[in-house]
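Please take a moment with the sequence and the fold before reading on.

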Amino acid sequence: AIEDQLLNETALVRALVRGDWAAHLARDWKVFEGPLMFGPQKRGMQVRAVGPMAVAGFAIRPGGWFGLWPDAADSTADRIVPIDGQWGDALRSATASIDDHEATFIALEAAARARVKALRARENETMAAFEALARTDPAATVESLCGRLGLTRRRFDRLVLRHFGHMPK
């Protein structure tokens, strides 16, 4: 058994294939399995895994959030949401041969590309630009970023909340 904390600033799609996996939520341990959306976090989440484990997944760039998830990122913030339906089935299928890493990678990429095609969402160029600025100039103030992106503070806050899951800081 392993018990630890997760703290991911970006959302993650993960398919739990082997092992017993749980997260400590609202004073109780909740067991999870299969494909999950781990929302962006601003606080650590206690997790526990028991037994041999196998997990595969990928991170979602905030600028491309709506290419993979139809709801705003703040709807998943600090949460774990099961992925079901056609996309959940595709992720389960993609990770069926998880011990073959190359095949799993190729299948996950194909599932993600099919999801992007199905949702028909476009990358938000402003949020992609903000993401690049945040990585290359992490000490920049929110006000200076608003100016560089040509946005009012209110508009910037709303966009960041929808695409990143939390207010800018």
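**From a loop into a helix**

N124 is found in the loop between α3 and α4, where helices (H or I, at least four residues) and strands (E, at least two) are DSSP runs numbered from the N terminus. This is a predicted model, in which local features need pLDDT of at least 70 and side-chain atom pairs count only at pLDDT 80 or more, while totals for chains, interfaces and linings use all residues. Residues are numbered from 1 along each chain as its sequence is written, and side-chain values use heavy atoms, with hydrogens and water left out.

N124 caps the N-terminal end of α4, with a side-chain oxygen 3.1 Å from the backbone nitrogen of T126, and the side chain of N124 also reaches the backbone nitrogen of M127 at 2.8 Å. Not counting residues up to four places away in sequence, N124 touches G63, L159 and H163, a contact being heavy atoms within 4.5 Å.

Helix α4 itself covers residues 125-136. Its buried residues (under 20% relative accessible area, 1.4 Å probe, protein chains only) are M127, A128, F130, E131 and L133, and they pack against α5 (142-149) and α6 (153-164).

Key:
Expected span 1.5 Å × (residues − 1). Buried < 20%, exposed > 50% of the residue type's maximum accessible area, 1.4 Å probe, protein only. Polar contact = N/O pair within 3.5 Å; in protein donor to acceptor, adjacent residues only side chain to side chain.
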